[in-house]
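Look at the sequence and the model below before reading on. The paragraphs take a few residues in turn, then the core and the pocket.

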Amino acid sequence: IDNAAARNVYMKSGSRNTWRAAGRFLLTLGNAGAVEFSLNKKPLGKLGKPGAVVKNIELTHATLARK
């Protein structure tokens with residue numbers, strides 16, 4: 001989140017989480033097809049295929065403009 005230190009978040013099926021950032025999120029997902037994202041309440045969907053490890057996905061205001 002922005003320039004904060006990296007952290008690991010493990011989530012159970014059906015759980016939800018909310019994070020806030022001023023500029024960007026940089027994500028690495030261990031199972032990209034298992035997670036659905038939204039940014040500023042706009043659905044982004046899944047960021048990869050089931051079981052895929054996806055590294056360094058950047059979510060910014062520009063990401064929202066492209067969707």
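Thr 60 lies in strand E4, where a strand is a DSSP run of E with at least two residues, numbered from the N terminus. This is a predicted model, in which local features need pLDDT of at least 70 and side-chain atom pairs count only at pLDDT 80 or more, while totals for chains, interfaces and linings use all residues. Residues are numbered from 1 along each chain as its sequence is written, and side-chain values use heavy atoms, with hydrogens and water left out.

Is Thr 60 buried or exposed? Thr 60 counts as buried because its relative accessibility is 18%; buried means under 20% relative accessible area, exposed over 50%, and partly exposed in between, with a 1.4 Å probe and protein chains only. A polar atom of the Thr 60 side chain lies 3.1 Å from the backbone nitrogen of Ala 62. Leaving aside neighbours within four places in sequence, Thr 60 is in contact (heavy atoms within 4.5 Å) with Gly 23, Arg 24 and Leu 39.

Strand E4 also holds Asn 56. Asn 56 is exposed, because its relative accessible area is 55%. Asn 56 has a positive phi of about 55 degrees although it is not a glycine. Asn 40 likewise is not a glycine and has a positive phi of about 55 degrees. Where does Asn 40 lie? Its place is the loop between E2 and strand E3 (42–46). With a relative accessible area of 54%, Asn 40 is exposed. Along the chain, 14 residues separate Asn 40 from Val 54, and their C-alpha atoms are 22 Å apart.

Apart from neighbours within four places in sequence, Val 54 is in contact with Leu 27, Thr 28, Leu 29, Ala 32, Leu 47 and Gly 48. Val 54 also belongs to the largest nonpolar core, which has eleven residues, including Phe 25, Phe 37, Leu 44 and Ile 57. A nonpolar core is a set of buried Ala, Val, Leu, Ile, Met, Phe, Trp, Tyr and Cys residues joined through side-chain atoms within 4.5 Å. E1, E2 and E4 each supply at least two residues of this core. In soluble globular proteins, nonpolar side chains tend to be buried together.

Ile 1 counts as partly exposed, because its relative accessibility is 30%. Its contacts, leaving aside neighbours within four places in sequence, are Arg 7, Trp 19, Arg 20, Ala 21, Arg 24 and Phe 25. Ile 1 and Glu 36 are 35 residues apart in sequence, and their C-alpha atoms are 18 Å apart in space.

How many residues line the largest pocket? There are 42, of which Met 11, Asn 17, Trp 19, Leu 27 and Phe 37 lie nearest its centre. A pocket is an open set of points on a 1 Å grid over the protein atoms alone, where a 1.4 Å probe fits, with protein on both sides within 12 Å along at least five of seven lines; lining residues have an atom within 4 Å of a point. Strand E1 (24–29), strand E2 (36–39) and strand E4 (54–60) are the elements that give two or more residues to this lining. E1 gives the most, with six residues.

Notes: Helices (H or I, at least four residues) and strands (E, at least two) are DSSP runs, numbered from the N terminus. A polar contact is a pair of N or O atoms within 3.5 Å; within protein, one must be able to donate a hydrogen and the other to accept it, and residues adjacent in sequence count only if both atoms are side-chain atoms.
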